[in-house]
Amino acid sequence: MARNAWRLLTGLWAAGLLHSAAAATVAAGVDAVAPPTPPAIANHRCLRCHADPLDKEVVQPDGSRKNIYMDPQVFEHSVHGKVACNGCHSDVTKLPHKKPLARSIGCIECHRQQRDRLKDNPDPRKRERLDVVVQQTDNYLHSAHARPNPKDQSRVNAACHDCHDAHNIGKPGELQRKEHRLKNPEVCGRCHEKQKKDYLASTHGKAIVDKKDEKSAVCSDCHTTHSIGSPKGDPAKLAITQNCGSCHDNARKTYLASYHGQVNRLGYTNTAKCFDCHGGHDVKDAKDPTSAVHVNNRLENCKNCHKEATDSFLQFQPHGDPDNKEKYPWLYVAKRFMQALIFAVMAFFWVHVLLWLFREVMDRIQGKGFIEDLNQPDVVFFRRFPPVWRWIHFLFAISTMALILTGTTLLFSHTGWAKAVVVFLGGTRMEGIVHRSAAVIWLSIFLFHLLIAITSIWKKRKTFEWFGGTSMLPNWKDLSDLRDMFKWFLGRGPRPQFCHWTYWQKFDYWAPFWGAAVIGSSGIMLFAPEKTAAILPGWVFNVATLVHAEEALLAAIFLNSVHFFNVHFRPERFPMSTTIFTGAIPMEEFKHDHRMEYERLLASGELDKHLVRRPSRRFDLVASFITSVLIIAGLTLLTLVLYGIGTAN
Amino acid sequence: MTKNLLALALLGLSAAAAARDDIEVLARTCNGCHGVGGVSVGLSMPSIGGLPQKYLKNIMKQWKYDERSAITMNRIVKGLSDDEIDALAAYFAKQRWVPSPQPAAADLLAKGRSAVSENCEDCHGITGSDPDVDAPRINGQWAKYMELELLKYRDGKFKMPHRKMKKSAQDMKSADVPAAARYFGAQDK
C-alpha cells in the first residue's frame, strides 16, 4: 500500500516536471525570451534567393515544397521595410544559413523592446502604435492561440506568423490593411476549415468574397484579433455578442434592453446571444429561407431554449424598440404611458415633499408646529397597528426591497454595482430564484392582507362607513385636505386636520394595488413564457418587460423617497418613526397628525380602548434598529437606482 | 536451416562487396584527371572528393544530357548510365574534402575577399568551406579551374544552367574574377 502511494507520488512529481517542461517549451516557442540580436545582414543578400520570381520554391528534407519567395517591393512598403531580414529571422547569423530555418521570430520581445526604447520619448505619438501592438501581444499571450497545440505540445495553436504576413504589414489606413482584412477568413480558415466553409456561405462571407466589401464582418471582428478564447467559454461568447454590436448598433441596443441582453450584459451566457438565434458563422439575412431567423425557421430556433414554445412566440419581437413608433406602435404607446405616469407621480409628490419641507422648516424657525418635548417624553401611546399589520408591513418591506435589488440589477446591468450584486448572489440563476421567491412572498402577503381586510369589513358591514374616517377608500375630504395642505405649504391657511388615515397614507396604501396588478401580472407572464404564449400573443412579452421595469422603477423611487419623507424624514418625524413596528404612536404626535380621529374617539369615549403604555426600552430599540436598517437599505437602493438611470445610455 | 540462412547472408554480403568494387573500379577512371580519392593535383582540374552528392549527380547529368557546356566532361559522362552517375556521385561525396591551398599575394587576397563577400559568400561561405546545402565547397579548390569556370559563367555562349551562379558571376568586375578565384584557392579551412 505504502509502495503504491510512493509510486503515485513519484508519478505525480514526474508528471509535474513534464508539464513544466512542456510549458517552458511552449513559452520558448512564443519567444518569451528575447533571442540575442545577430549582426545585421544586408537585405539584398537575402533577397538573392528569396526574391527570385523564377525560383520561388525549395524542396525541404522531407520532400515537401516550401515557398521562400518574398516580394521585395511589398516588403519595402510594409512597416518592417527598414528592418534587417535577420532582425526577425534571428537564427540567421551568417550566409548561407542553415536549412530548414528554425522559426525563431521574436515578434513579441522585439516590439516590447522598441516600445521600451521610446518609453521616455517626449512625443507620445511615437509610441502610440507600439503601445497598441504590445497590448495586442499581451492579449495574444493570454489567448487560446498561445496555448500548446493538443496534437503537438511543442508548438502553440497559432503563432504571430501564422496569421500575420509580416512582410506585408501596413500602417492603419494603408492598402495592406484592407488586403489583410479581406484575407482574414482565408487566414483563419487554414486551421478552422469548417467555420470558413460556413462563413463563406453567410451574408458576411459573401460580402467579403464577392463584393470585396471590407466593411462586412470578418473573423476578427467577432472573435477579436488577439484576445481569442475558446468559443465554448463565457468570455468568448460575451465578447462575440458584444462585437456583433460594433456594427449592428441598434440591434445591440434593443437586445441589451431585453431580458436576454440584460443577463448577457451582467456577464452571463445562459440566455440567448446573437449567434444563438441568428447563427454564428453561417449568419444569413432573415429573408433567406435557409436563415435561422427566417420566419419558417424561427419557431424551431426558439425551441432550442424554450422547448414548449408555441406559435405565439413568433409574435415576440426580440429587438422590439419602444422608441420606434412605426414598427412597434403598441410598445411605443406603453412606454409613453409609463413614462407619463412616472413623471406625473414623481413630479407631483416631489413638489409635495419640497413644499412640505419648506413649510415645516419655516414653522420651526418661527417656533411653530409640532415639536416633541424631549424633557417630557410621552408615556401614553395610541395603538395604531395590531401585530398582524406590523408583520405584514415588515415582510412587505423586505420582499419589496429584495425585488427592487434583484430586478434592477437586470435593468441596470450596465453598472458595476449590478454585476457585483449578481456575483454576490451567485449568478443570474440564483438571482432569478431570489427575485421570484420574493415575488411569491410579496404577492402572498398582498392577498393575505386583502383577505384580512375583507373579513374585517364583512364583520363590521352593518356599521362600516365606507367613506368614513376609518375607511381607506378615498373621499371628498381627501381632496379638500390636499388643497388645504398646499395652502398651508404656501402659508395661506392652517394645517388641515386628519382623521384615521391621511390622503398620502391612502395613496401609499392603494399604490401597491396598481403595482400588484401591473408588476404582478407582467411578472407572472415573464416567469412562465411558454404557458403565457399558449393563451396570449407573443408581443405581450415586449409590453410586459417594459411595464414590469417601468412600474418597478416608479415604486422603487417613490417608496424610497416620497414615502420615506412622509413617514420618517419630515422634520416633525426626523430621523424616523417606529410606529409601524411598535404599533404605537406617541399621544401628542397622534393628536397632531390625526386630530379628528382623536376628537372622535374622545367624544365617543372609545379613546381609552386604544391607549397603551410607552413601548419598553428593549422593544423600542429593536424597532429603531429594524427601521434604521430598512431606511438605510431603502436609501441605498434609491441611490443605486438613480445612478443606474443617470448612467443608462 | 541456420546453415541456409548463413549461406544466404554471405551471398548478400559478397554481392554488396562486388557492387562496391565495381564503383571503385569505375571511379579509378576519374583518378587520371581528378586525382586519387577525387583530390586533384592539376592546376585547372578540380578536386571532387567530398563535394555534395546532389551537386555531383546534377552536374554529371547536365553534361550527359547537354544541359551544361564542357570541353571533355560532356563526352565522358555520356558513356555512363544514370545509375553509374548516381553511384559515382555517392562514391566521391563520401570521400574527404582535401583543400589544396595555393599561396597568393596579400593585396590579391584582400581584393579577392572583398569580391567574394559581395558576390560569393551567400552561397559558398566567406572561405568557401561552409557552403549552402546544394553548393560545392571551394576552399583550397584549384584557382585556375575556378577562374575558368567563372569565365564560362560570365560568357553567354556557354550553357551554364545555374541561374544564380551565372548572375553572381556576371555581376562581378572582370578584375575581380581571378582575385576571387585566387582567394578561394588560398583558403585552407
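## Helix α18 of chain A

In this predicted model, helix α18 of chain A runs over residues 387–411, and its 25 residues reach 35 Å from the first C-alpha to the last, close to the 36 Å expected at 1.5 Å a residue.

Several residues of α18(A) are buried, among them A:S399, A:T400, A:L403 and A:I404, and the buried residues also include A:T409, A:L410 and A:L411. The cover over the buried residues of this helix includes α14 (259–265), α19 (416–425), α20 (428–459), α24 (539–569) and α29 (617–647) of chain A.

## How α18 packs against α29

The axes of α18(A) and α29(A) lie 11 Å apart and meet at an angle of about 20°; because angles under 35 degrees count as roughly parallel, the two helices are roughly parallel to each other. Their crossing is left-handed.

On the side of α18(A), the contact is made by A:A397, A:M401, A:I404, A:L405, A:T408 and A:L411, while α29(A) contributes A:L630, A:A633, A:G634, A:L637, A:L640, A:V641 and A:G644. Sorted by class, the residues of this contact are 10 nonpolar and three polar, with no charged residues.

Chain B has nine helices and zero strands, and along its sequence the pattern reads α-α-α-α-α-α-α-α-α. Of its 189 residues, 32% count as buried, and among the contacts in chain B between residues at least 6 apart in sequence, 70% join residues at least 24 apart.

Where the two chains touch, six residues come from chain A and nine residues from chain B. The side belonging to chain A is made up of three nonpolar and three charged residues, with no polar ones.

Note on methods:
Residues numbered from 1 in each chain as written. Chains lettered and ligands numbered in written order. Predicted model: local features only at pLDDT ≥ 70, side-chain atom pairs only at ≥ 80, totals over all residues. Contact = placed C-beta atoms within 7 Å. Nonpolar A, V, L, I, M, F, W, Y, C, P; charged D, E, K, R; others polar. Helix = DSSP H or I, 4+ residues; strand = E, 2+ residues; numbered from the N terminus. Expected span 1.5 Å × (residues − 1). Buried ≥ 20, exposed ≤ 12 C-beta atoms within 10 Å, placed from the backbone. Axes fitted to C-alpha atoms, helices over the stretch in contact; angles between N-to-C directions. Parallel < 35°, antiparallel > 145°, perpendicular 65-115°, else oblique. Left-handed = near helix turned anticlockwise from the far one by under 90°.
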